[in-house]
Amino acid sequence: MKNNDRYIGQGGITVITEIDPSMDIQELYTLLNHIGDNINTTPVIDFTGMKGLHFCRWFIIEGLTDVSGNRFPDSLVYAAYFDGSEEEHLTELLTKCMSSIQLIYGYCKGFPTEASQTNASIIHYFKKHMSKNQLLWPAYRGGTVEQILGEQKVRDAIQTYLNQRAAENKLNGLTPDEIKAGIVHYIVNDPTLKWALQKRAEPPFSWKFIYYFKLATKLLLIVFLLPVLIVFFIPFWWLLLSRIFEKKDDQKRKQIVRTKTITDLLNKEDRVFMNQLTIYGCINKPYWYRLTTLKIGLWIFSLNGTYRSNKGKLSGIETIHFANWSLFNKGKNVMFLSNYDGAWQVYLSEFIDRSAMAMNLTFGTTANYPKTKRLLWEGAFDEQAFKTVVRNNQYPSQVFYSTYPYITMKNILNNSKIRKGLDGSSEESVSDWLKRL
Amino acid sequence: MTESVELNDVQGIIIKGYDKLKAAAFLLLEIKDITKTKQWIESQLPYVIKGSTSTKEIDSAIHIAFTYSGVAALNIPAEGLKTFPPEFIEGMVTEHRSRMLGDLDDSAPEKWNWGGNEKDFYSIHILLMLYAIDKPALDLLLNEQKTKLDSANIKISYELDTHKLNNEKEHFGFRDGIAQPVMSGINHTSKTDANMINAGEFLFGYQNEYNKYMFSPTIEPAHDPNNILPADKNNAALKDLGRNGSMLVFRQLEQNVKAFWNMAENAANEQTAQDNPTTPEYIASKMLGRWPNGSPLTKCPVQPDTSKETFDNFGYAKDDYDGLKCPIGAHIRRANPRDNFLRDSTGDKEKDIEKSMMFMKRFRIIRRGRSYGPPLVESMNPADIINTADDNQERGLYFLCFNSNIGRQFELIQQTWINNPKFAGLYEDPDPMIGYPGIMGEGATTTFTEQALPIRKQVKGITRFVNVKGGAYFFMPGLTTLKYLSSI
């Protein structure tokens, strides 16, 4: 277990590359759909070979405009979430899937020609087209793929052990301590599992220093800006301007109409337990106000996500693995990508029930969003209207891969607490720990 | 302020279950002649029992609902048709919906008795529900209707008979239909607050639990020349077809009674052999969450209590958080997680409870199911069921429920709570009685975890005892809309 020795963080990239207009985009759809549709049965690309990959997706943006109707060139987006650095991920991607990458990106503008194709030149190409993550939120910080799969294996092994002992009539009459001792003994004696008795490595001092230093500067910034906030921002930006612009927005509640895109989307949903959400839309007018508001919203979100919601829950939502906002098309459009457990209906209901204000502050800056009031109110509090706007701005991902489509966020957290009971860092009583099994 | 429900415009079956009317039959009809069908609808209006009518006053009832093909057949303008909920428009059978609902393998639509194929999607138009005090009275009602339908040139495609079982039980031998929500805006003093749900969760035209009006099917005023319909609450420029109507989910669920009890017997024998003496009734009750007589395990964990047969005023969060009494994966705890919907979510137990109670109101349905097929034994007593050999008769439940948002209510409950092996932090445990873990891929099996001290017990490799044999989504209009439909 690598992260027993050293802390490994999680990263994510969004690479947006223009599709060569001289190429047939339908062919690219066919290629990607072929990869995506067979991903869990007869994989075309060997994603399982990529040891640091959590999830990835490819999708095509076609026919998108900004809010004024200016066309954004049809593009291919690759989004991935991984352990370690961008460089490490891209190197692994090219090592394992070079031929597919050549095939897919053969449809894109500016991809290095065959003669000049080297790992370095392709990595350079990817990095050049990377869009900046306004916010990247890994739900379970420090949890590597290896650890997530490993801890699930430990949990499953304990289940098998317990069922065997029960069948042999050897569990009856034991005290909690005796049962746990038996489990520990079993894990110690399995060379493939005994790493679980060691603790995961803590982030190094330098990481912690930077982490808290950044927090301190951000808090200082807030304190420093407090007079501006009170005098200018709250009365003017928040209370006054918001109302002026909100009243110009479309006031009508829109009812859902199933389009072909939504049908395509549904066909790809619920194939495995984990699903993905790909949403993009236009930043609304007036652009300067909406974009700045969005950036402020995401800044607050990221502060919360980094320093507070960093243990498996984002504002009370318990089903997200990774969430990611990024701006593209020179800040005229915004994209939200997430990987979540279970059904779309309940995932969206969680957003509405538990963090409607956060949705309003961020998505509320996009066109056709249900009308908001003072940036925070209404909007997502209207369940049907919110779900409608999400579906209308949601697009299918032709390729979606998850390394652990059946391990939910709740399972991950429970598994890691089971492991903590083994490595000695758990503060639970033995009988409480046994309830996790 | 609570809006009062226009009970005299709501079809009565949405308001009451008609326990007194022990005989019932459901007819699935195909329209052959639009004009005559409209005349038939108009002629039936006086017999459609209203929500305001006391059950004491009636000894029979009829109710009428439509599929999407049905409302389309009645010439509702195309613009209006588009405003019906997408789930209703698409119908119960789509590739994606079958995955969500678990209608796969033995429950796959192509194996259904009705509603599973394209022909039925287009030709099942109307659901006619007939209720009567006893079998002879129902036969009279049926014969009378058949004559009328025949003269209206309406074809009876399927006739579904019901069989009311003794002691309010369903075929597995458990008392059914206990936890029912009621609409606020109707006078119900005996109900607990948790079961008091805004009328908009079940009927169009009222505020729902988000304090919004659900998108209702509407038409342009030009299509309502006689001004029959009320204005839409969301857009007063439109006429509301949905007002006082509800969406009806109808599924035929076949129950393999002997297979269920054989599983419980085997599991009991296995645990007894492991020095945990137990009975099949105990295992089955743990899976359901109530004893066969209806008393809830959370309140009576050791044995059934005859004084608590319909007891419903309880929660899990305080008395039974860990599932030591009613297991976390038990049927009633998944179908309605009550105050334990959020588990360790906000970091504050009291706040979790408060929010759970509030959120749960958004995921409730009114159930109006009826059993069909003869009981394996008349007594409906599990001990007798276990001791009786299989008679290989078809039996099960016509599951009927009302809600105003099929996607957020019925489908969410079915997908996220019933079929979901990951429910409430579990791993491979869908509903042990009616769930199907199709989402886990080929070869996935069901485990049932019974939380216990010092360590849980498990029943592994549970197969499917309940299979879907038919189904469709219907719209049950209010009486005004029914009148409108007969007039256009």
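Predicted model: local features only at pLDDT ≥ 70, side-chain atom pairs only at ≥ 80, totals over all residues.
Colleague: Thanks! What share of chain A counts as buried, and what makes a residue buried?

Modeller: The share is 42% of the 437 residues. A residue is called buried because 20 or more other C-beta atoms lie within 10 Å of its own.

Colleague: And which helices and strands am I seeing, or rather, how many of each does chain A have?

Modeller: You can find 13 helices and 10 strands in chain A. As for contacts with a separation of 6 or more, 78% in chain A join residues 24 or more positions apart.

Colleague: Let's turn to chain B. Where do its domains run?

Modeller: The domain assignment gives domain 1 of chain B as 7–251 + 471–487, and domain 2 as 256–365 + 413–466. Their C-alpha centres lie 31 Å apart.

Colleague: How do you know which residues make the contact between domain 1 and domain 2 of chain B?

Modeller: Two residues are in contact if their C-beta atoms lie within 7 Å. The contact takes 20 residues from domain 1 of chain B and 23 from domain 2 of chain B. On the domain 1 side, helix H6 (residues 95–101) of chain B gives the largest share, three residues. By class, that side has 10 nonpolar, five polar and five charged residues.

Technical notes. Residues numbered from 1 in each chain as written. Chains lettered and ligands numbered in written order. Helix = DSSP H or I, 4+ residues; strand = E, 2+ residues; numbered from the N terminus. Buried ≥ 20, exposed ≤ 12 C-beta atoms within 10 Å, placed from the backbone. Domains from an automatic or database assignment. Nonpolar A, V, L, I, M, F, W, Y, C, P; charged D, E, K, R; others polar.
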